[in-house]
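The briefing below is arranged by topic.

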Amino acid sequence: MELSPILISIKTASLSIIITFFLGVLVAKLLVDVKNEKWKMFWDGVLTLPMVLPPTVAGFFLLFIFGVKRPLGIFFLEFFGVKIAFSWSATVLAAVVISFPLMYRSARGAFEQVDENLIFAARTLGLSEWKIFWKVQLPNALPGIASGGVLAFARGLGEFGATSMIAGNILGKTRTLPLAVYSAVAAGDMESAYQYVAIIVVISFVVVISMNYFTMKERGGKG
């Protein structure tokens with residue numbers, strides 16, 4: 001069994017969850033504070049779109065935007081010397097785009113569940129909005145945010161469609177665990193496929209247990 005897909009998947013999922021976590025929490029906080037419901041619905045639809053689109057379609061859009069002959073692709077290549085499409089960076093990009101809606105919606109739901117009376121009380125005590133976020137909103141929303149982070153990590157780790165479109169299936173470079181399963185089955189190497197699948201199943205099981213833990217902690221906190 002080739003070990004590179006395991007290492008590539010772990011590196012990809014680890015970096016993507018760091019980006020997705022902070023970006024998802026930030027965007028969720030900003031959108032929760034938006035007062036105009038129409039704008040809120042519009043941006044929520046835009047941010048959630050990658051979750052409902054077929055992953056290959058999302059990958060097509062990424063390839064259309066970051067392809068080597070596209071404006072953004074040319075920009076990164078000429079000014080930073082970084083080729084996005086069909087590189088390891090593309091696996092991270094695909095994982096971030098596909099897993100972001102899960103992180104964002106989990107964080108937004110967690111923020112919306114925070115008791116507004118706590119926020120009003122903090123304001124009457126003279127706390128700034130920034131301090132209210134750090135001392136009131138974030139601690140109370142943390143179990144829900146953590147649960148979303150676990151789910152987003154698993155989604156990034158298991159990403160297949162968008163990754164195959166924007167990053168390709170290059171052994172030792174962009175071949176992640178899901179792509180390794182596909183490649184092994186296509187090549188008739190069922191032994192390797194079984195091993196890759198076993199690894200993914202174990203990771204998925206750990207994710208489910210972790211989600212249940214954070215859900216129980218969130219319910220316990222509310223109780």
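This is a predicted model: local features need pLDDT of at least 70, side-chain atom pairs count only at pLDDT 80 or more; totals for chains, interfaces and linings use all residues.

Residues are numbered from 1 along each chain as its sequence is written, and side-chain values use heavy atoms, with hydrogens and water left out.

**Overall fold**

- The secondary structure of the chain amounts to 10 helices and 0 strands, where helices (H or I, at least four residues) and strands (E, at least two) are DSSP runs numbered from the N terminus.
- Along its principal axes, the C-alpha trace of the chain spans about 65 × 40 × 30 Å.
- Of the 223 residues in the chain, 41% are buried; buried means under 20% relative accessible area, exposed over 50%, and partly exposed in between, with a 1.4 Å probe and protein chains only.
- Taking the contacts between residues at least 6 apart in sequence, 71% join residues at least 24 apart, a contact being heavy atoms within 4.5 Å.

**Nonpolar cores**

- A nonpolar core is a set of buried Ala, Val, Leu, Ile, Met, Phe, Trp, Tyr and Cys residues joined through side-chain atoms within 4.5 Å.
- The largest nonpolar core has 23 residues, and those touching the most other members are V25, Y104, A107, F111 and I145.
- At least two residues of this core come from each of α1 (4-32), α5 (88-112), α6 (116-124) and α7 (129-157), and the largest share, 7 residues, is supplied by α7.
- F111 is in contact with V25, A28, K29, V32, F133, Q137, L138, A141 and I145, when its neighbours within four places in sequence are left aside.

- A28 lies in helix α1 and counts as buried because its relative accessibility is 0%.
- Leaving aside neighbours within four places in sequence, A28 is in contact with Y104, A107, R108 and F111; the C-alpha atoms of A28 and A107 are separated by 5.9 Å, although these residues are 79 residues apart along the chain.
- S16 is also found in helix α1, and S16 counts as buried because its relative accessibility is 1%.
- A polar atom of the S16 side chain lies 3.0 Å from the backbone oxygen of A13.
- S16 touches V92, A95 and V96, not counting residues up to four places away in sequence.

**Pockets and cavity**

- Rolling a probe the size of a water molecule over the atoms shows where empty space is left.
- On a 1 Å grid over the protein atoms alone, a cavity is a set of points where a 1.4 Å probe fits but cannot get out, whereas a pocket is an open set with protein on both sides within 12 Å along at least five of seven lines, and lining residues have an atom within 4 Å of a point.
- Grid points are joined across faces, edges and corners, and a volume is the space filled by probe spheres set on the points.
- The largest pocket has a volume of about 390 Å³ and is lined by 16 residues, of which V32, D33, K35, E116 and I119 lie nearest its centre.
- Two or more residues of this lining come from each of α1, α2 (37-52), α5, α6 and α7, and α6 gives the most, with 4 residues.
- By class, the lining of the largest pocket divides into 6 nonpolar, 1 polar and 9 charged residues, where Ala, Val, Leu, Ile, Met, Phe, Trp, Tyr, Cys and Pro count as nonpolar, Asp, Glu, Lys and Arg as charged, and the others, Gly among them, as polar.
- The second largest pocket holds about 260 Å³ of space, and its lining residues include F21, F22, V25, W130, F133 and I145.
- The lining of the second largest pocket has 11 nonpolar, no polar and 1 charged residues.
- The largest cavity has a volume of about 40 Å³ and is lined by S9, T12, T91, A95, G156, L157, E159, T163 and T176, which by class are 2 nonpolar, 6 polar and 1 charged.

Technical notes
A polar contact is a pair of N or O atoms within 3.5 Å; within protein, one must be able to donate a hydrogen and the other to accept it, and residues adjacent in sequence count only if both atoms are side-chain atoms.
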